Amino acid sequence: MSEPSSWVLKHAEYIPEGSDILDLACGAGRHARLFLMSGHYVTAVDKNIDALDDLTDFPGAEIIQADLEDGSPFPLSGKKFGGIIVTNYLYRPLLPLLTGLLIPDGALIYETFMIGNEKFGRPKNPDFLLKSQELLRHYSPHLRVQSYEETTTAEPNPAAVQRICAVNSL
């Protein structure tokens, strides 16, 4: 299993201690595991949850299998989280929903690919690549931005990424 994102590790301190965490489009659950081991209750959501079998009976873990892009009702309406983690995933219709899922002082930590990534590999489709400052433009009116960057990373693989950490405290 891959290591947690350095961006997530760097900004985890903004998540209120002991609060519930949402790992959205969690993949193999690297961040769900990180926060479970830190004593948080974690809701991990993904279309394919096979890689999360070992967490099914783990105390504090809620695993939800959901296709976030098939038009089904969003599975987390009415829930609130102290931290929302999204990495390597973009489905624009979900962006406006995330702010409403945060408790006061809850933190959104989001990191995904942006335009320019096509020269490094997948994803290449612009539907899955953020435009310049897209996360900043979307979240700065609603959340207090703690950190934001657009950069090219070398590790774990070369990629053009955009990332934000923002807190629900406006």
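Modeller: Helices (H or I, at least four residues) and strands (E, at least two) are DSSP runs, numbered from the N terminus. This is a predicted model, in which local features need pLDDT of at least 70, side-chain atom pairs count only at pLDDT 80 or more, and totals for chains, interfaces and linings use all residues. Residues are numbered from 1 along each chain as its sequence is written, and side-chain values use heavy atoms, with hydrogens and water left out.

Biologist: In which strand is Gln 162 placed, and is Gln 162 buried or exposed?

Modeller: Buried means under 20% relative accessible area, exposed over 50%, and partly exposed in between (1.4 Å probe, protein chains only). Gln 162 belongs to strand β7 and counts as buried because its relative accessibility is 0%.

Biologist: With which side chain does the side chain of Gln 162 make a polar contact?

Modeller: A polar contact is a pair of N or O atoms within 3.5 Å; within protein, one must be able to donate a hydrogen and the other to accept it, and residues adjacent in sequence count only if both atoms are side-chain atoms. Here the partner is the side chain of Tyr 148, at 3.1 Å.

Biologist: Why is β4 described as largely enclosed by the rest of the structure?

Modeller: The reason is that 7 of the 7 residues of β4 are buried.
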